[in-house]
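Here are my notes for you to read alongside the model. Take the points in order, and keep the 3D view open as you go.

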Amino acid sequence: MAHTPPLVEEPPIAQVELGDIGTGPGGPGQGRDGERGPGPGGRSRPVPQRSYVTGLTMGLAAILMFFMALVSAFIVRKGLSDDWRAFPLPPILWLNTAILFVSSITIQVARRRLGREDVAAFRRWWTVTTGLGLLFVAGQLIAWRQLAHEGVYLASNPSSSFFYLLTAAHGVHLLGGIIALIVIGWRSWQNTRVTRSTATEMAAIYWHFMDGLWIFLFLLLMMGQ
Amino acid sequence: MSAHAHPVSHHAAAPQGFIRRYIFSTDHKVIGVQYWLLALAAVSVGMVLSWLFRVHLAWPHAILPGFGGVVKPEQYLELVTMHGTLMIFFVLTVAPQSGFGNYFLPIQIGADDMAFPTLNMMSFWVTFVAFFVLISAFFVPGGAPINGWTSYPPLSAVGAISGPGQGTGETLWVISIAMFCLASLLTALNFIATTIEMRTQGMSLMRMPLTVWAWFVTAIVGLLAFGVLLAACILLLLDRTAGTSFFIPAGLVFNDTQPALNHSGGSPLLWEHLFWFFGHPEVYIAILPSMGVVSTVLSTFSRKPVFGYKAMAYALCAIAFLGFTVWGHHMFVSGMSPYSAIAFSFLTLSIGVPSAIKTFNWLGTLWGGKIQFTSAMLFAIGFVSLFVTGGLSGLFLAQPSVDLPLHDTYFVIAHFHLVMGVAAVFGIFAGTYYWFPKMFGRCMNEKLGKIHFWFTFIGAYMIFMPMHWMGIMGALRRYAQPGGLAFLQHMSPIEHFITIAALITGAAQLLFYWNFFWSLRHGQKAGDNPWHATTLEWAVSSPPPHGNFEQVPHVYRGPYEYSVPGYSEDYIPQHLAPEQVAKAGA
């Protein structure tokens, strides 16, 4: 997973490093983010901002295992069978891939603007990213329509079953990311447990992960045909 | 007892109102109790199911209530399928990890709650709904599924033509398990983030109680395993409902009927690989938390530190890691290459090493201790006994040449019930007797607890030891009427013996129910630290307040400082500063 350094200065956000397990005196839970004071919702001590990123990282590990299970099923099912029939992938997938790739760049631009406390520009780039995400999902739906138009359905062949399954599974996860983008872009950041900088960092990590995952799945679907 | 000179924590008031406090609560302690009660409900149903099929096995012509006459083979299969599913998922996964883990992990690391309390609440309610989705399978046309808890295709994938219960019932099974996977993933994520990020000052990794180590490692195992089962469930659901052929090969015939002809080319083996890639780690999800509990209980009631603390922590990690490499030993008879089988066999046998380290260290902890035979201690010792007994038969089954004749026999039933079923239940009992005073402020009755232990301990051996012999003689699991086979007919006295033992052992559990619910109101008042134990949960009142700690605790030492020479007390709590600990003769 690509690790993006934090780009903002207001409350210091810790970096994600899997091996970095704070220990010893002055360990986690103390000092860091202490300036936030008791959070809302009855916490006696604020949750360290880093724990949100850690939680997200763990979530991504689980998502990766889920997709790896599907990918290994793809490889095994294709290897074991003599009924696998290739079909040409809709060319619009190339466009979709480019859109998603660009959205990874725009989300970084947005975070940089937030780092300079230019909230208006942050909102603008954040909206662009959200729009590109929606465009990607729409493009995937168009690809489905094109395949259906050619008579390639979910149950037509194992190759098409896996195509629909993998694109749908990825699409659902990406939609989750889009919802997060919308919430982060438009909520008020008064009195929240998680700071805006942590939230945008998490969203960006998730977004890059979904981008990389899609490129991997696209290559798999292309080469595995 | 309280630490000194630490920042006073500011508690917002605990939520008021019954629903926010006890139903949709985000307090980890309430959620822990909710999980525990859910497991109690599940184990009650699962146990009643086992009584029914045991009675049927002993007296095949008995007319049981609710079956409309003699139990039919498919009804027998419904009973064993639902028994297995309930026990594995909703008891052995829920109680020791989600139940005790939720309640005590945050307190033992000095945190005021889990890292993500709302997520925690959602995990519980998804699990809760999953439980009722599963139970509802009994009440749909065709009844509950009949393909066993492993849900092997093609039987599980082709729908109602493969038998009653394989229609709507099996669909509900798949949906329930998929929901359970999702909830377990969220719980695992929460446990890991909490352990990494929420430990209080001074609580280094090597000062964590072994219970915390066990919950932490188990959460990692769950995080990596449940996603795979979730993926497998989705594939199965698509095969069942959308006409795909992931698992369904061509040319199947069930009861003279062919499934829809568009299925072809699928691989049932694919499910087996995906399922057991989850399924074997699941065994460790069930047993590792109990190992943590047993380590703590043995240490507390031996008044000795855990022997080889670091080795215990590393052994947990080693078992968890190896657990991901051995799934093929469930599939020796599937036609796998003998070379693969040897690799899986070698890896499986090597799990004996960290398991033996743990057993050795448990015995080392007991050795020379001032042992107090409390109910919790008896169940912890019982756990070690059952784990060793069940583990030994694992060494037989790990070898492909021995496994071939023993596969799918009662020998396997005996093995896994002892080593991870009953052993994990003993861990749950040990944890319940040990922590009940902390959770509810009152002690359970020790005399009843000890009677409960002896009935359960002897009963477990009486039920499962004869099954080894039955299995070696060729008795097959999932046969509804073993008496129909000539070579098994002479076993009917054994069947009677096992069934009577199961009924008596089951009846003895009523003592536990009585003890539990009676003690909630009438048990002896516990005080903060009735066992003179050292870990952080005993530093707060019983039950702990909302937010757990009045002051942020600081940890000064390891978790098992018992009988340290030179001090007046035989235990030194983790949160006491060195100058607060009374020296002997001072």
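1. Start with Val45(B), which sits in helix H2 (residues 28–58) of chain B. Helices here are DSSP runs of H or I with at least four residues, strands are runs of E with at least two, and both are numbered from the N terminus. Val45(B) is partly exposed, because 19 other C-beta atoms lie within 10 Å. On this scale a residue is buried with 20 or more other C-beta atoms within 10 Å of its own, exposed with 12 or fewer, and partly exposed in between, with C-beta atoms placed from the backbone.

2. Residues are numbered from 1 along each chain as its sequence is written, and chains are lettered from A and ligands numbered from 1 in the order in which they are written.

3. Stay with H2(B) and look at its partner. H2(B) and helix H3 (residues 73–108) of chain B pack at an angle of about 155 degrees, and their axes are 7 Å apart. Axes are lines fitted to C-alpha atoms, for helices over the stretch in contact, and angles run from 0 to 180 degrees between N-to-C directions. H2(B) and H3(B) are therefore roughly antiparallel. The cut-offs are under 35 degrees for roughly parallel, over 145 for roughly antiparallel, 65 to 115 for roughly perpendicular, and oblique for the rest. The crossing of H2(B) and H3(B) is left-handed, a term used if the near helix is turned anticlockwise from the far one by less than a right angle (right-handed if clockwise).

4. How do H4(B) and H5(B) pack? Helix H4 (residues 117–136) of chain B meets helix H5 (residues 168–197) of chain B at an angle of about 160 degrees, with axes 8 Å apart. H4(B) is therefore roughly antiparallel to H5(B). The residues making the contact include Leu119(B), Val126(B) and Val133(B) of H4(B), and Trp173(B), Phe180(B) and Leu186(B) of H5(B). Two residues are in contact if their C-beta atoms, placed from the backbone, lie within 7 Å. The crossing of H4(B) and H5(B) is left-handed.

5. Next, the largest nonpolar core, which has 237 residues; Leu229(B), Ala232(B), Leu316(B), Ala423(B) and Ala430(B) touch the most other members. Its largest share, 23 residues, comes from helix H6 (residues 210–241) of chain B. Such a core is a set of buried Ala, Val, Leu, Ile, Met, Phe, Trp, Tyr and Cys residues joined through C-beta atoms within 7 Å. Setting aside neighbours within four places in sequence, the contacts of Ala423(B) include Ile287(B), Phe383(B) and Leu418(B).

6. Most residues other than glycine have a negative phi, and most peptide bonds are trans. The bond from Pro153(B) to Pro154(B) is cis, with omega near 5 degrees, and Pro154(B) is in the loop between H4 and H5 of chain B. Arg303(B), not a glycine, has a positive phi of about 55 degrees; Arg303(B) lies in the loop between helix H7 (268–302) and helix H8 (309–323) of chain B. Asn191(A) has a positive phi of about 60 degrees and lies in the loop between helix H4 (158–186) and helix H5 (196–223) of chain A. Asn191(A) counts as exposed because it has 8 C-beta neighbours inside 10 Å.

7. Finally, chain A as a whole. Chain A has five helices and zero strands, and buried residues make up 40% of its 225 residues. Its mean pLDDT is 84, with 80% of its residues at 70 or more; pLDDT is the predictor's confidence in each residue, from 0 to 100. Over residues 1–42 of chain A the pLDDT is below 50. Where pLDDT is low, the predicted coordinates should not be read in detail.

Definitions and conventions:
This is a predicted model: local features need pLDDT of at least 70, side-chain atom pairs count only at pLDDT 80 or more; totals for chains, interfaces and linings use all residues.
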